Structures are given as structure tokens and as C-alpha cells.
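Subject: Structure handover

Hi,

Here is the structure I promised to pass on. My notes follow below it.

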There are 2 protein chains.
Amino acid sequence: MALAGRVDRCVERSGSHLCVGLDPVGFATAVEAERHVVTVLEASLEHVCAVKPNVAFFEQHGSSGLAVLERLRGRVPGDRLYILDAKRGDIGSTAEAYARALFDVLGADAVTVNPLLGGEAVAPFLARPERGAFILARTSNPGAQEIFETALADGRHLTERIVELGLQWDPSGAVGFVVGATDPGAVASVRSQAPEAPLLLPGVGAQGGPLEAAVRAAAGGPTRRFLVNVSRGIAAAPEGPKRAAARLRAQIDEALAAASPA
Amino acid sequence: MALAGRVDRCVERSGSHLCVGLDPVGFATAVEAERHVVTVLEASLEHVCAVKPNVAFFEQHGSSGLAVLERLRGRVPGDRLYILDAKRGDIGSTAEAYARALFDVLGADAVTVNPLLGGEAVAPFLARPERGAFILARTSNPGAQEIFETALADGRHLTERIVELGLQWDPSGAVGFVVGATDPGAVASVRSQAPEAPLLLPGVGAQGGPLEAAVRAAAGGPTRRFLVNVSRGIAAAPEGPKRAAARLRAQIDEALAAASPA
């Protein structure tokens, strides 16, 4: 089953479009970071369809941080999608080495990938059965427009070119896209260009993305293939991660119901 | 002293523009990878001004591979530039975490950085005194043109836009650029746009980049601020890494002498 089908299955089984981001920010040691992410994971797990550790926050603790990530995989049940947010982008044998690190050593089902170096940089992440890549199409940072919205000679923006190429590179439903929920217009645009691709939407919560508009945009196609990632909005919620995850899951469902009344 | 000055000093002290790439490809264990890179490093060190491990080939061995990289720093003398080829590109606190990992934990003097996410993704790599970043402007892979050569509305290519932004993002000589030696025309173009920026030129050797033309292009400015990276062309040379490094260093010097007869 390709990435697209796996997203469908995870959403269906969990009854949730919520992805919990594990971003252990501000811990002095790998041990403290591990304790934090395990707490957030266990508290939120029943309300999420996917789990997305951000590799940077483990690597900042060096080899002991990477060892935390090696142990973390075993705590995530197989019916949740395990996404490693690494945003790697390199060529040839280097990209293959990153694919080995993320899929084979750390156990990712899917990874985030930077497409700047072209299809060769993405191909190794699409080569494993049942695994796949979310290609960065438009990130959630305020300055994302600097390059993603570069106006091209053919009248489009770079984001549109990336999505077009991403679909061309895709052998068989292994490609999804990252689009910041902070810009629902960009979500709608990517969705209309790639009606069946899984979308990963970061930027809700701490980054202030408008949840309802983003969900409406992502659901504007024949499928419900989207995941809303929330990291700090769960981990640092005053109400605690369990209640925050339950609330966010319900908010996504409500936005979805409002978007497409049955 | 900013990155630009450090490159000058390393080149001057070592009398070499050669950078040895440490890419341990094809080893089953981290122990074997470590033995290999230490051998290549020690054999080539007297002929190089810089050392560039490719992080992917260590991460593919998980935490024990990252531990090799932690130990490797101590083997590189302080008068050589230590460049970690990681091609990271992420935002805000994530980019800061990668900067901590690469500079503070692994001891890089400079890193390679992917600019797709904009200036926010690059800034944390420019914020440490004496450290800096080589921004990907045009990579050495055959498919690099797919996105780097995208034609823009203003008549330029994306590479030119990236170099323009990179110079704007630069607080004080902390920015260099990666340009594949495989395309001397691209090297010449980046050099004319950024006459004083350090250039890191990969793709010579196994990737077949034309050494002489690339050196001529990189030297076509007021400075001699460029490094020619060779990885497999040193590590896997039939004549052994020591002789290969000596030969490549001499070839660069000859190309330089031919480019600008004194």
C-alpha cells in the first residue's frame, strides 16, 4: 500500500486527522528531551493518526539525542503514521544514505523532503514500498514567500512548479506535500493541483495558522487525505496535551463537517 | 574573523585550495566507516586547506555513526576549515537546533545550507562569530537544472535570485556559496554576482567536473576565495589518497597560474 493509501487507513482507523509533532525544545539533556516527548506522545496518542518527531531537536543533543529517536519508534503503534520531519535534500548516494538513516535505522513511514536539488534528490525517498515523502511545497514561516513565491517566466509561482514536478516524480502514490496551514490560499492551490496527494499541514497552534480555513482548503478534493500537525499547541497547552489533542481533533472534525455537509 | 577571512587564512597557511570530502560510502558498520575516514584524512591532510565530512554517511549508521562524527573533530587541526556538509534547511527554532548540532556539538566552522525556506532558515547559521554557511546556489548533480535553472519572470534563473538573496542575508562576510564544478558557466556567473564570497566547488573527480575551467571561473574576481572539494577522487584513487591529494592540489595551482599569469 502506497503512502496515499496508508494515510487513508490511518485516518480511518484513528478517526482523526491530527498529527502530533514531537519538538523537544529547550531541554538541556537528551534524557529530559526523551522524558518530555514520551509524556506528550502517550497523552495524545489516542487522538492522533500520525506522529511527527522533528529530527533537529534530537540531533542538537548529538549521538545521545539520536539514540532517543532510535528508541522512540518502538513506542508508536504500527497503525499510526510515523513521519520523520528532517527536510533532507541531497543527491545520489548521499540522498540514499539519508533514506537509510530515516527509514531503515529510525523506522520512518514517511519523511519530509526538500526538493531544491531536483528529482534525483527525492527519488531515494520514494523507492521503498509502503514508504513515501512529503515534499516541501510551501512552508509555514513568515518568510516562506521569499523563494516559494518567486514569480516564474510562465506566470506561476515556484510552489506550483514544485508541485508539478513532485507529481511527475511520483512513481505510485508515494508523494505528498507539506503546505503551511498559515496560508489557506496556498493549501487550496496545492490541493487543486494535486487533488489526490496527501497533504501535511504544519503551522497550526503556536504559529497561528487558521485551522478551519486550512482544513476547508485541504478537504476541497475527492479525498480526505490530509494531516494537521500541531506541536507546541499540544505539548505546551495550558490544559495539558491530552485535552489539547482531543480539542484539536474535534475542531478539525467540525471544520471538515462544515466544509462538506453530507 | 568572518568566514571569508577564515577561508583566506586557511588557503594561505596550507598553500592549497583543496578540500577533502569525507564520504564513507558502503561500509557496513560505523567502526569501519571511522577507520576509513581517519585513513583518508591523515593521508590527505598535508595537502588540503579544508575538510568536509558529509553528515549523511555518518547518520546512516544511527547514533553510533553520529558518535564517529563527534570524535572526528578532534583529528582536524584548527588551521584547517572544518565544513559539515549537511544541507539543512528549516525554520525558526528548528534551524537554531540544527545550528547547535552542527556548530556546537559537532564543531563545524562552516556548514552547507539549503535556502529554499528563505532567509529565516539561513540566519541561525550566520549568527555565530567566525562561523558561516555555504548556501546551495547550484549543485553538481545532472538534474540540478530542474529547479535551480527555473526561468524567472525577471529573466533570470533561480540560482541568480538565490545568490542575490544570500548576499542580502549576509551580516558580515559569513555567507559563501556552493556551486557545482560540473558547470563552470554557473561558477563564473555566481563569481561575477558575488565577487568576494567564498565558493565551495564540489563535483570534481568521480562526478567528472572539469577542474581547470571551474578554477578559472572561481578565480575570476578580486579574491582567491574558493575551495575545490574532492571526495571519492581522493578516497578511492588507485594511486592512494596521499598522492591523489598532492596531484589535485598541484592541478588546482596550475589552473590558477594559467588563469592569472602574474
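Two residues are in contact if their C-beta atoms, placed from the backbone, lie within 7 Å. By that rule, 44 residues of chain A are in contact with 44 residues of chain B.

First, the ground rules. This is a predicted model: local features need pLDDT of at least 70, side-chain atom pairs count only at pLDDT 80 or more, and totals for chains, interfaces and linings use all residues. Residues are numbered from 1 along each chain as its sequence is written, while chains are lettered from A and ligands numbered from 1 in the order in which they are written.

**Interface**

Helices (H or I, at least four residues) and strands (E, at least two) are DSSP runs, numbered from the N terminus. On the side of chain A that touches chain B, α3 (56-59), α4, α5, α6 (119-122), α7 (145-148) and α8 (158-169) each supply at least two residues. The largest share is from α5(A), with eight residues. By class, that side of chain A has 21 nonpolar, 15 polar and eight charged residues. Here Ala, Val, Leu, Ile, Met, Phe, Trp, Tyr, Cys and Pro count as nonpolar, Asp, Glu, Lys and Arg as charged, and the others, Gly among them, as polar.

How are the chains related? A rotation of 180° with 0.0 Å of shift along its axis superposes chain A on chain B, with an RMSD of 0.0 Å. That is the relation of a two-fold axis. The same surface serves both copies: 100% of the contact residues of chain A recur in chain B. The superposition is by least squares on the C-alpha atoms of residues with pLDDT of at least 70 in both copies.

Next, burial. A residue is buried if 20 or more other C-beta atoms lie within 10 Å of its own, exposed if 12 or fewer, and partly exposed in between; C-beta atoms are placed from the backbone.

Helix α4 of chain B covers residues 62-72, and its buried residues are G62(B), S63(B), G65(B), L66(B), V68(B), L69(B) and L72(B). They pack against both chains: α4 (62-72) and α5 (92-105) of chain A, plus α2 (30-44), β2 (50-53) and α3 (56-59) of chain B.

E59(A) sits in helix α3 of chain A. Buried or exposed? E59(A) is buried, with 25 other C-beta atoms within 10 Å. Leaving aside neighbours within four places in sequence, E59(A) is in contact with G65(A), L66(A), Y98(B) and A101(B). E59(A) and A30(A) are 29 residues apart in sequence, and their C-alpha atoms are 9.3 Å apart.

**Barrel**

Chain A holds a closed barrel of eight strands, β1-β2-β3-β4-β5-β6-β7-β8, with parallel pairing. Neighbouring strands are turned by 30° against each other on average, direction ignored. Two strands pair if DSSP finds at least two bridges between them. Axes are lines fitted to C-alpha atoms, for helices over the stretch in contact, and angles run from 0 to 180 degrees between N-to-C directions.

Strand β3 (residues 81-88) of chain A has eight of its eight residues buried, so it is largely enclosed by the rest of the structure. L81(A), I83(A), D85(A) and K87(A) are on one side, and Y82(A), L84(A), A86(A) and R88(A) are on the other.

The parallel pairings include these:

- β2 (residues 50-53) to β3(A): two bridges, with A50(A) opposite L81(A).
- β3(A) to β4 (residues 110-113): three bridges, with I83(A) opposite A110(A).
- β5(A) to β6 (residues 175-179): five bridges, with L136(A) opposite V178(A).

**Core**

A nonpolar core is a set of buried Ala, Val, Leu, Ile, Met, Phe, Trp, Tyr and Cys residues joined through C-beta atoms within 7 Å. The largest one has 190 residues; L201(A), V228(A) and L201(B) touch the most other members. Beyond four places in sequence, the contacts of V228(A) include H17(A), L18(A), A181(A), L201(A) and I252(A).

**Backbone check**

Most residues other than glycine have a negative phi. E130(A) has a positive phi of about 75°. E130(A) lies in the loop between α6 and β5 (132-138) of chain A. It is partly exposed, with 13 other C-beta atoms within 10 Å. In chain B, phi of E130(B) is also positive, near 70°.

Best wishes
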